[in-house]
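Hello,

Here is the structure we discussed. My notes on its aromatic contacts follow below.

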Amino acid sequence: MTKVWAIAWKDLRSTARNVPALAMMLVAPLVLAGLLGFAFGGGDSFDIAATKVALANEDTPPAMTAGGAAAGGAAAGAEAPPPASDAFVGILTSESLNDVLDVTKVKDAAAARARVDGGDAAVAVVVPRDFTAALYGSGDARSAVELYVNPTQQFGTAITESIVGQALLDFNGARAAAAVAAATAGPNAGSAAAQAAAAAFVQGGGAGEALTFTSRAPRTTGGESDDVPMVGLVLAGMMVFFMFFGASEVATTILTEAQDGTLPRMLTTPTSAATILSGKFMSVFLTVIAQLVVLLAAGVALFGVDWGRPVVVAVLSVATAVVATGLALMIMGVVKTPGQAGAIGSGVYVVLALLGGNFTGTVTPSSAYATVQGLTPNGPLLRAWDAAMRGGSLGEIASYLLVPLAFATVFFVVAGRRLGRRYA
Amino acid sequence: MSIVEVRGLSKRYDPPKGVLAVDDASFSIERGEIFSLLGPNGAGKSTTIAMLSCLLRPSHGDALVDSHSIIDDPQAVKSVIGVVPQEIAVYPDMTARENLVFWGRMYGLSGAELQTRVGEVLELVSLADRQKDRVDKFSGGMKRRLNVGVALLHRPSILYLDEPTVGIDPQSRRSILDGILALRDQGMTVLYTTHYMAEAQELSDRIGIIDHGRMIALGTHAELVRIVGQEARVDLTVDHMLEGMVERWKELPGVSSASVEDEHAELLVDDANAVLPRLFEEAAEGGSRITSVNVSEPNLELVFLHLTGRALRE
């Protein structure tokens with residue numbers, strides 16, 4: 001065991017002295033996560049595709065009474081106004097918003113939510129049955145537009161929330177204006193009544209907010225559906241992706257040492273090939289663990305990421321490191337030169353990152369892409385990190401680890417056999 | 001007493017039709033001697049060393065190293081050998097001391113024993129004052145010395161050196177050769193491979209000449225030279241040739257023939273070093289003076305040429 005640690009320590013020390021490798025392993029993921037997090041979580045001038053919105057209008061306006069319209073609304077005997085939701089839908093589907101919202105009308109709330117669950121829309125907007133009634137109604141009538149959002153598409157969600165919020169603000173403003181007009185039109189009208197109505201609108205109470213919206217995300221199987229900062233999700237993806245490269249950096253030393261003569265020299269010492277390979281396996285594992293710890297800490301320090309419960313983070317870290325280690329070692333077992341390792345390894349990691357969602361985030365479970373993600377070693381890991389950041393427990397993330405650990409087992413078996421045969 | 005016994009060792013890569021790199025080699029190495037394997041590039045020297053280092057499994061045959069079989073007990077063999085590979089197999093991003101500590105652990109050393117041996121080896125290879133410097137800042141000669149030092153950490157019974165002077169400057173080569181001779185003087189057994197005839201001639205107690213995987217000649221330098229049946233030729237120039245001097249030279253022990261033409265004489269001798277002082281004495285006694293001497297020794301180049309029909313290119 002002393003020799004295994006000696007080999008691992010030697011490699012760790014070499015990695016720590018390799019500035020370009022450190023930059024790739026530690027700085028690149030942080031910079032990329034910061035930039036992407038800023039772009040999709042907080043930027044204000046990014047060119048991005050229109051957000052897909054599923055719109056269900058369930059508004060059912062009440063019949064107008066002969067004695068008068070809803071309070072604050074139309075005068076007695078006047079023709080019933082059109083449903084207020086028509087104007088609201090008109091705003092969302094207006095040509096001027098085509099660049100930012102891609103609205104598809106669906107028949108009801110369930111259909112709208114299903115589109116979000118299926119990954120076909122980022123946001124479902126559900127106009128409630130009492131929308132018009134609340135706007136034209138009197139007193140404490142309230143109605144809330146529902147926004148059902150994909151939590152991983154925060155940029156699109158934020159845009160939709162902003163537009164919906166502004167539209168409802170306009171409606172509430174109009175309602176307040178009507179109240180003011182009604183107050184000043186009566187026989188005892190006075191400026192005091194008008195000011196009171198206006199103040200109620202401005203202060204957000206009384207007649208001011210008849211229409212609001214609520215925003216919610218689908219519940220994950222394990223988490224608490226707390227909002228996760230975009231930068232946390234991005235950093236998790238970048239962390240796993242660059243751990244592949246970190247593992248590869250150290251695992252490639254098996255091939256470079258074979259080329260440089262130090263590995264054959266080790267084999268001339270009374271040290272078995274199994275011990276040497278164990279040392280190499282250990283060094284790869286410890287390197288990616290160290291990389292992960294630094295990135296987790298940096299995520300907290302620089303971006304305020306809450307990774308989740310410590311025990312969950314610990315288990316997830318080990319699982320992620322095991323997968324990254326196994327994959328890198330298997331590639332070293334398959335290729336023969338450091339050059340091949342660099343070219344083939346990079347290709348494998350990028351393809352896996354694209355398939356697994358390192359760049360795009362996790363999607364809702366029922367989509368085809370989610371199925372592909374679930375069949376990669378990294379996709380379920382990202383889901384697990386996502387769940388962990390939402391406060392998921394160990395039991396709740398366990399199911400996500402089955403596929404990655406099965407992959408890791410295969411990776412280690414292949415690596416052990418091929419490298420063992422080569423150097424034994 | 002033999003420390004290495006090689007018995008019918010063969011290695012064929014990619015059997016059955018691959019290259020036969022070593023073909024039925026048999027030899028022994030005595031304790032305390034420097035044994036050189038001399039041959040051109042591709043002759044099978046490194047393959048032989050690799051098999052004796054347990055890096056390659058022989059296709060046929062076996063070898064005993066300090067009584068341990070390279071096939072049945074490779075770990076025991078590895079614990080008694082020190083291998084200096086042809087390339088500089090140390091870590092450039094580590095210091096000299098860090099390298100030696102690491103390699104010492106690979107040889108099973110630890111604790112105070114490890115630290116003591118690292119210190120001793122640093123002194124031995126004259127790198128004690130540079131022990132904290134990274135190896136990538138060393139000169140080629142310093143790297144070579146460290147490369148040798150690594151193999152000495154565990155006090156091996158026999159040291160294998162696989163062409164350790166390839167591609168280095170004359171000064172570093174001299175330093176390494178002197179170091180090897182010093183190790184031999186301390187009782188170390190050395191197996192040395194080279195394609196430099198002069199190195200083999202200077203260092204070796206015995207030499208095995210290998211070509212195309214076959215051991216084609218084996219013996220001391222004198223024994224090998226005798227294969228070609230030539231004696232050393234001594235060409236002399238004197239200031240004036242005395243009457244009867246050539247006849248007196250002919251009668252000296254070790255001189256088989258002598259001829260004279262004007263002031264020049266040509267003699268065939270067994271051992272020029274032994275005969276030359278007597279030639280000077282005879283000339284001086286007759287009142288003559290030798291003004292120039294040229295000795296042409298029969299050498300391994302000639303032996304290789306004689307045995308293979310090809311030159312052993314340096």
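Buried means under 20% relative accessible area, exposed over 50%, and partly exposed in between (1.4 Å probe, protein chains only). This is a predicted model: local features need pLDDT of at least 70, side-chain atom pairs count only at pLDDT 80 or more, and totals for chains, interfaces and linings use all residues. Residues are numbered from 1 along each chain as its sequence is written, chains are lettered from A and ligands numbered from 1 in the order in which they are written, and side-chain values use heavy atoms, without hydrogens and water.

Aromatic pairs come first. Rings of Phe, Tyr and Trp (its six-membered ring) pair if their centres lie within 6.5 Å; planes under 30 degrees apart are stacked, over 60 edge-to-face, the rest tilted. The whole structure holds 16 such pairs over all chains. One is Phe245(A) with Tyr349(A): edge-to-face, 5.2 Å centre to centre, 70° between the planes. Helices are DSSP runs (H or I, at least four residues), numbered from the N terminus. Phe245(A) is in helix α8 (residues 230-260) of chain A and Tyr349(A) in helix α12 (residues 338-356) of chain A, 104 residues apart. Phe245(A) is buried because its relative accessibility is 18%. Tyr349(A), at 1%, is also buried.

Phe281(A) and Phe412(A) form a tilted pair, 6.0 Å centre to centre, with 55° between the planes. Phe281(A) lies in helix α10 (residues 273-303) of chain A and Phe412(A) in helix α15 (residues 394-423) of chain A, so the pair ties together parts 131 residues apart in sequence. Phe281(A) is buried at 19%; Phe412(A) is partly exposed at 28%.

Best wishes

Conventions
Helix = DSSP H or I, 4+ residues; strand = E, 2+ residues; numbered from the N terminus.
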